[in-house]
Amino acid sequence: MKQSVKLVAGNWKMNGLGASLGEAEALAKALQEQAAACRVALCPPATLTERMARVLEGSAVELGGQDCHAEASGAFTGSVSAGMLVDAGAALVILGHSERRAGFGETDADVAAKVEAALAAGLEPIICIGETLEQREAGQAVEIVSRQVAGSLPDGLSGKAFAVAYEPVWAIGTGLTPTLEQIEEVHAAVRAAMVAKLGEGGRVAPILYGGSVKPSNAAEILAVAEVGGALVGGASLKAEDFLGIIRAA
Ligand code: PEP
């Protein structure tokens, strides 16, 4: 299914201190001045959400978190709830990023619980899935992402605003990308898994591609069937690169 308005979301990860904060603010200001044909979102570290909300006030650029806890409040030292992100100015939240799955042991069930918490707080979740290099080389990419869709999308998601992001783990931050045919194959499988899980409601949400998207490959990736936008890591930290991707969308 072809999405008319694509979503390009920047994941700043744990960056944005010192000189890079200055760069980040300059980037946010540059985004404000750039008329975009797509939805644009920035996902800074949680501590910068409110600051970026001030910088972006009055612009169409949306803000997102990079994770949230599945509970609304309580004894969860170090965690941030979905409601807290909303309070700081976020409208979206990235959930189940491979760095959280690998580094913090998040399972599909954990991700599904976080998606429910995000929806309850009024956030639009961007649910990340993707195979490792080992799984890709074993010919398991489609099987893995289909299983992740079935497990990470909670029942009742149908009709809600959300996105899925297909991010092959081996393409994140490496400069490597799948071929356009591989992207098309996996996106078609993700859509089929979404429909199997959610019924007709699974046809609506965009499926973003993420993994080493840059200005030079954005247009061709974004033109692939079922690619409804991009989740961008490294290139979202540099105004020139991020704006180049936004112009391609
Ligand atoms: C990401 O971390 O979600 C990502 C896609 O990173 P990069 O664009 O740097 O590969």
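Where does Val 227 lie? In this predicted model, Val 227 sits in the loop that runs between helix H9 (215-222) and strand E8 (229-232). Val 227 is buried, because 23 other C-beta atoms lie within 10 Å and 20 or more are enough to count as buried. Beyond its neighbours within four places in sequence, Val 227 is in contact with Ile 183, His 187, Ile 207, Tyr 209, Ile 221 and Leu 222. Val 227 and Lys 6 are 221 residues apart in sequence. In space, their C-alpha atoms are 8.3 Å apart.

Helix H7 was examined next. H7 comprises twelve residues, 141-152. At 1.5 Å a residue, H7 should span 16 Å, and its end C-alpha atoms are 16 Å apart, which agrees. The buried residues of H7 are Ala 141, Ile 144, Val 145, Gln 148, Val 149 and Ser 152. They cover an arc of only 135° around the axis, so they lie on the same side of H7. An α-helix has 3.6 residues a turn, so residues three or four places apart point the same way. The cover over the buried residues of H7 includes helix H5 (108-121), strand E5 (124-129), helix H6 (133-137), strand E6 (163-166) and helix H8 (180-198).

The packing of H5 with H7 was then described. Their axes are 8 Å apart and meet at an angle of about 45°. H5 and H7 are therefore oblique to each other. From H5, Asp 108, Ala 109, Val 111 and Ala 112 take part. They meet Gln 148, Gly 151 and Ser 152 in H7. The residues of this contact divide into three nonpolar, three polar and one charged.

Definitions and conventions: Residues are numbered from 1 along each chain as its sequence is written. This is a predicted model: local features need pLDDT of at least 70, side-chain atom pairs count only at pLDDT 80 or more; totals for chains, interfaces and linings use all residues. Helices (H or I, at least four residues) and strands (E, at least two) are DSSP runs, numbered from the N terminus. A residue is buried if 20 or more other C-beta atoms lie within 10 Å of its own, exposed if 12 or fewer, and partly exposed in between; C-beta atoms are placed from the backbone. Two residues are in contact if their C-beta atoms, placed from the backbone, lie within 7 Å. The expected span of a helix is 1.5 Å times one less than its number of residues. The arc is that of the directions from the helix axis to the C-beta atoms. Axes are lines fitted to C-alpha atoms, for helices over the stretch in contact, and angles run from 0 to 180 degrees between N-to-C directions. Angles under 35 degrees count as roughly parallel, over 145 as roughly antiparallel, 65 to 115 as roughly perpendicular and the rest as oblique. Ala, Val, Leu, Ile, Met, Phe, Trp, Tyr, Cys and Pro count as nonpolar, Asp, Glu, Lys and Arg as charged, and the others, Gly among them, as polar.
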